[in-house]
Amino acid sequence: MKLEKESILWGIEHIFKDSDTDLFPKPEEIKIIYSDKENIANELASIDISNYSWKPCRRFIIPKTDLSYRVATQLDPLDSILMASIMYQFGNEIEAKRIPKEDKRVFNYRFNPSSDGYFYNDYNSWNQFWNACREKAQTYKFAIYVDIADFYNQIYHHTIENQLISCGLPNPAKKSIMNLLESITQRVSRGIPIGPHSVHLLAEMSLIPVDNSLLTRGIDFCRYSDDIVMFCDDPIRAKKLVYEIATILDKQQRLILQNQKTKIYSSADFITHCDKNLKDNPINKLEEEITEVLREYTAGGYGAIRAKMIPDEKMKLFSEQNIEQLLNKYLQQDEPNYSRIRWLFRRISLIGTPNAIGYVSRNFDNLIPAISDISRYFISVANKQNKKMYDVGEELIKLMDTDIFKVNDFFQISILSLFANTVHFNHIQKIISKYNTSSENIKREVILCANVSKQTDWLRELKEDHPRLDVWSQRAFLIACSNFPADEKKFYLQGIKSKLSSEDILENLLIKWAKSS
């Protein structure tokens, strides 16, 4: 089975506009693919997806809080396109099996692809969820809140396969998706990748039987991803509902609840809880104004969202002075308010302003508990390719040399992604000095930094290393070859091309691009 060219063109538009994931820097390959999208679409449209061999992905440990983490996945760029294309082409079949959006029960990742490459109609879905919960709580005496533990990592592949069949996806498409999941989890029959936008719909699909079971039992509920709120009028019934949902999750998919998050609320207490989630409880007038702008111009939720255009006049609220004022306010309390610090970094990540970078570099020791959100913030700045960068390269390099950053590739990549997107940070010599002692993931970023800084002579020294690099670093080097003089790169790249096959679509494209650059 071959995918429709229209679906593949949409997939290319998707990863160009929305990137392949919110968790990592946008791969440099994506811009090059987009520049030749018609030819790439023709190549990918000729692939039999049922027999397609998915390429090696990248996996990283990404902290959620101080001491908890998740494993996130970045697919090969062409694989990201193919997976997005599959879900675009058949997503309506999955969405049709879900409880209708109009029922106001299931709120997030509602499949509604836009022409400009965005999958979901999730604008303000977080607030819609809590508004619906609040409305229901007014007609019941009790609300029961539960959360599925480690949801994405615990989804059974068998459940995914059964639901793909139930939703009516063609067998080749089902087979291709299952091959991808098995390749990522090393044939362990549990878990779907955290990261790719397209995969969120698979997670939602896996809970269709759970949603239906709740409806069949006459349980009134609202769900946002793995957060489920149920409603009833009897205290004994409320306790029974905890065991009932636990039984449903166990029997259907061997999923379990997070005990520490399970809670039974009185109606009044839950309405207060809803109000807290609907309001950001600003610490002062400045934060209130910033909150209002973000509420007006961005979607809500967990962060897999995009910011709309904010007028210049309102962007002034996100000045370096204002952001530093807020961060100082949080840190100078008797107990630093790290929940608010994380909140602020998540919010400013939506717009990619660079105005907090200097503060982070100067105050990092006091910000360590928010390191995960700060790393995501760095990546958002790099992905926005903001031209207004501050000369804090020295401090950023020092951060990379701290013990905490050294032990985690994701932390280092989050900083190097800034250097790889602009020359304004300088310090390329210090970055290059890290190459020989770094992991393959970091070597790729160093090569990309050298590329943007046009360190042609140093890059030339890596020619002999190319065959020994992993595939992600090899591609980075092919991109960097664009810096070589025309005759040199033509001769060198032709030697690499002679060893490739027609199936090496991306590598052939990068060589073609580098030669013509």
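Is Trp-130 buried or exposed? At 3% relative accessibility, Trp-130 is buried (under 20% relative accessible area, with exposed over 50% and partly exposed in between; 1.4 Å probe, protein chains only). This is a predicted model, where local features need pLDDT of at least 70, side-chain atom pairs need 80 or more, and totals for chains, interfaces and linings use all residues. Numbering runs from 1 along each chain as its sequence is written, and side-chain values use heavy atoms, without hydrogens or water.

View 1. Trp-126 and Trp-130 both lie in H5, residues 125-137. They are 4 residues apart, about one turn of the helix. Helices here are DSSP runs of H or I with at least four residues, numbered from the N terminus. Trp-126 is buried too, at 15% relative accessible area.

**View 2. Aromatic pairs.** Rings of Phe, Tyr and Trp (its six-membered ring) pair if their centres lie within 6.5 Å; planes under 30 degrees apart are stacked, over 60 edge-to-face, the rest tilted. The count is 28 aromatic pairs. The Trp-126 and Trp-130 centres are 5.8 Å apart and their planes stand at 80°, so this pair is edge-to-face.

**View 3. An aromatic cluster.** Both tryptophans belong to one cluster. Its members include Phe-107, Phe-129, Tyr-140 and Phe-270.

**View 4. Charges over rings.** A charge sits over a ring if NZ of Lys or CZ of Arg is within 6 Å of the ring centre and within 35 degrees of the ring normal. Arg-58 places its charged end over Trp-472, 4.5 Å from the ring centre.

Methods:
Helix = DSSP H or I, 4+ residues; strand = E, 2+ residues; numbered from the N terminus.
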